[in-house]
Amino acid sequence: MANWNILGAGAIGHFFAEKLLKSGQHAAFVLRPESEPHIRSFNFENLAAENTSNTVMAQGKLTPKCDFLLVTLKAQDVLPALTLLQSQIDKHCCIVLLHNGMGTAEQTEKLFPRNAIMVGTTSNGVLKVSDDHIRHTGAGVTWLGPFNNQAKRYKDIATQLSALEELTWCDDIREKLWLKLVINCAINPLTAIHQCQNGELASSSLYPQVVKIVQELALVCEKARLPWPYAELQAQVDNVIARTAENFSSMHQDRLFNRQTEIDFITGYVLKVANAYSIPVPTNQALFEQIKQQETGLV
Ligand code: PAF
């Protein structure tokens, strides 16, 4: 039985807390430093609309002997939060990063050069209906894999977390993260700018933009030795648009509620890679700038 701490008490953090507890692991939430220790109770509603009640310890610091620190914060919050906790994170603690976008694992490795770092992605749909009610809204797959050599020893993680039936270890997790990155680049900025549901991207007015984004990303993927030709990337994007047609993307929600978005770690990450390969990506560049302008209140 391992000792897991979860940094990020949003929908995904609660989803994993429930799975960890169900798998017989110890789980605790790490909240803001000023938070007093308390027991957090929440209802978890599964896909069959059955409810279970769960209790988890929550406090402003890591619990002693934390084996795994699962970070489910938004990409832009990862480094500031880990920096605050730096003195509490022992070199034996494996840091597991799970969020949209890429680039935080490199930052984390600089801060914790001796720790194992795992990265992952999940396509499970989860909604925080209220502070104490979490609803699983869409079945999905969770992939975890090693970012550095130290993390390769956790290959058997899927057997430890038996309640996450769809959890798969992936030696080349970079491919899974890039695929998700392409999907996020195609869906998130456009739905945020046009304040629309994912499904509206299939409309004749917006779909040509989606195609341009994916065409540019296919050029970057090719240079980065990723295995998918344009047609495959487009098919993956089209599939997610159709499957999540009714959803509002996370970036749509961030803009709606005037929160900072993950743009630096989604389109921004692609721009850096494209720039390193000298590949022009004008459509992605323009979307990046539009979101940045909205964030700084210029439009
Ligand atoms: O960020 C999101 O909202 C999701 O990752 C996705 C897949 C775009 C669906 O809305």
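**Close-up views of a predicted model**

**View 1. Strands E1 and E2 at Leu7 and Val30.** In E2, Val30 is the bridge partner of Leu7. The model shown here and in the other views is predicted. Strand E1 (residues 3-7) and strand E2 (residues 26-30) run parallel and are joined by five bridges.

View 2. His26 lies in strand E2. Leaving aside residues up to four places away in sequence, His26 touches Met1, Asn3 and Trp4. The C-alpha atoms of His26 and Met57 are separated by 9.5 Å, and the two residues are 31 residues apart along the chain. Is His26 buried, exposed or partly exposed? His26 has 18 other C-beta atoms within 10 Å and is therefore partly exposed, since a buried residue needs 20 or more and an exposed one has 12 or fewer.

**View 3. The open sheet of eleven strands.** The strand order is E8-E9-E3-E4-E2-E1-E5-E6-E7-E10-E11, and the pairing is mixed. Strand E8 (125-130) and E11 are the edge strands, each of which pairs on one side only. On average, neighbouring strands of this sheet are turned by 30° against each other, direction ignored. Strands of a sheet pair through backbone hydrogen bonds, in either the parallel or the antiparallel sense.

**View 4. Strand E10 between E7 and E11.** In the strand order of the sheet, E10 stands between E7 and E11. E10 pairs with strand E7 (residues 117-122) in the antiparallel sense over five bridges. In this pairing, Gly120 stands opposite Leu144 of E10. With strand E11 (residues 167-169), E10 pairs in the parallel sense over three bridges. Here Thr142 stands opposite Leu167 of E11.

**View 5. Side-chain directions and burial in strand E10.** Strand E10 (residues 142-146) is mostly covered, with five of its five residues buried. Thr142, Leu144 and Pro146 point one way from E10. Trp143 and Gly145 point the other way, and these residues are all buried as well.

**View 6. Helix H5 on the sheet.** H5 lies across E7 and E10. The helix runs at about 40° to E7. H5 spans residues 173-193 and also contributes four residues to the shell around the ligand, the largest share.

**View 7. The shell around the ligand.** The ligand is surrounded by Asn100, Ile183, Asn184, Ile187, Asn188, Asn198, Val240, Thr244, Asn247, Ser249 and Ser250. How many residues of the shell are nonpolar, polar and charged? The shell has three nonpolar and eight polar residues, and no charged ones.

**View 8. Packing of helix H9.** In helix H9 (residues 267-276), the buried residues are Thr267, Gly268, Tyr269, Val270, Leu271 and Ala274. An α-helix has 3.6 residues a turn, so residues three or four places apart point the same way. The buried residues of H9 pack against H5, helix H6 (207-223) and helix H10 (282-295). Just after H9, Ser278 takes a positive phi of about 55°.

View 9. An unreviewed UniProt entry lists residues 6-148 as "domain: Ketopantoate reductase N-terminal". Over residues 6-148, the chain is 21% helix and 39% strand. The end C-alpha atoms of this stretch are 21 Å apart.

Conventions. Residues numbered from 1 in each chain as written. Predicted model: local features only at pLDDT ≥ 70, side-chain atom pairs only at ≥ 80, totals over all residues. Near = placed C-beta within 6 Å. Helix = DSSP H or I, 4+ residues; strand = E, 2+ residues; numbered from the N terminus. Nonpolar A, V, L, I, M, F, W, Y, C, P; charged D, E, K, R; others polar. UniProt positions renumbered as here; feature names shortened; annotations may be inferred. Pairing = 2+ DSSP bridges. Contact = placed C-beta atoms within 7 Å. Axes fitted to C-alpha atoms, helices over the stretch in contact; angles between N-to-C directions.
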